[in-house]
Amino acid sequence: MRGRKREDLEGRVGGRPRDGAGHAEGFQTSTERAIGRCRDPVLPESDICSTLEKEGWEAYKAEAGGRIVGGALVSVDAERGEGSLDTIYVADGAQGRGIGRALWEAIESSHSEIALWRTCTPYFDKRNVHFYINVCGFHAVRFCNDHLRDPDGDAWEDGGLGEFFDFEKRVPPRARCED
């Protein structure tokens, strides 16, 4: 962490996140930094709230100095042993302090039943690609683009991301076991 103090992480937040605006702001900032000003919200707060109303979804937050400095949304299917890191963000100006790593470690330690984690990120977000591969241990498994077909042969549905990377992280059984 290059001499910086790791921020304290406060636990899971249930229901609607108090920090939905933080998620939205974090995505807006990183996207606009990469591709320029966006007319419409990249990730509307209403999308975050409606996601958390669905079964299996959870929110995490990181607080420092009484303010929310990061958060994550995950979905978990314990029966299948699969989880999805839908969003993770660290507030602008709070990056590089270990907050993202602390969030991911809290998520993983809360879900030892998960054998396979998945996530994705737009191709242009080099900071995210670095974070997922070099910090969290994910592997890029696919580069999704206009020329890629899904397994059914249909055109790829990208959810508005454009070109992006899919990542997976397989967790070995011994790492998932709690003695």
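Predicted model: local features only at pLDDT ≥ 70, side-chain atom pairs only at ≥ 80, totals over all residues.
Reader: What share of the contacts with a separation of 6 or more comes from residues 24 or more positions apart?

Author: The protein has 179 residues, and buried ones make up 40% of them. Its accessible surface comes to about 10600 Å², with 45% belonging to carbon and sulfur atoms. Among contacts with a separation of 6 or more, the share from residues 24 or more positions apart is 63%.

Reader: Which residues have the most contacts inside the largest nonpolar core?

Author: That core has 25 residues. At least two of its residues come from each of β2 (57-64), β3, β4 (82-90), α3 and α4. Those with the most contacts inside the core are L85, W104, I107 and W117.

Reader: Are the rings of W104 and W117 stacked, tilted or edge-to-face?

Author: Nice one to work through. The count of aromatic pairs comes to eight. For W104 and W117, the ring centres are 5.1 Å apart and the planes stand at 75°. Planes over 60 degrees apart fall in one class, so this pair is edge-to-face.

Reader: How many residues apart in sequence are the parts that W104 and W117 tie together?

Author: Both W104 and W117 are buried. W104 lies in helix α3 (residues 99-110) and W117 in strand β5 (residues 116-122), so the pair ties together parts whose separation in sequence is 13 residues.

Reader: Are Y132 and F167 buried or exposed?

Author: The cut-off for buried is under 20% relative accessible area. Y132 has 3%, so Y132 is buried. F167 has 1%, so F167 is likewise buried.

Reader: Which residues form one aromatic cluster?

Author: W104 is a handy place to begin, as its contacts beyond four places in sequence include W117, F131 and F138. The aromatic cluster is formed by W104, W117, F131, Y132, F138, F143, F165 and F167.

Reader: How far from C144 is the nearest cysteine sulfur?

Author: C136 is buried at 2% relative accessibility, and C144 is buried with a relative accessible area of 0%. The structure holds zero disulfides. A disulfide needs the two sulfur atoms within 2.5 Å. C144 is in no disulfide, and the nearest cysteine sulfur, that of C120, lies at a distance of 7.7 Å.

Reader: One last stop: is R67 buried, exposed or partly exposed?

Author: R67 is found in strand β3 (residues 67-77). Leaving aside residues up to four places away in sequence, R67 touches A62, A91 and A94. Buried means under 20% relative accessible area and exposed over 50%. The relative accessible area of R67 is 43%, so R67 is partly exposed.

Conventions: Residues numbered from 1 in each chain as written. Heavy atoms only, no water. Helix = DSSP H or I, 4+ residues; strand = E, 2+ residues; numbered from the N terminus. Buried < 20%, exposed > 50% of the residue type's maximum accessible area, 1.4 Å probe, protein only. Contact = heavy atoms within 4.5 Å. Areas by Shrake-Rupley, 256 points an atom, 1.4 Å probe, with all protein chains shown as cover. Phe/Tyr/Trp six-rings, centres within 6.5 Å; stacked < 30°, edge-to-face > 60°. Core = buried A, V, L, I, M, F, W, Y, C linked by side-chain atoms within 4.5 Å.
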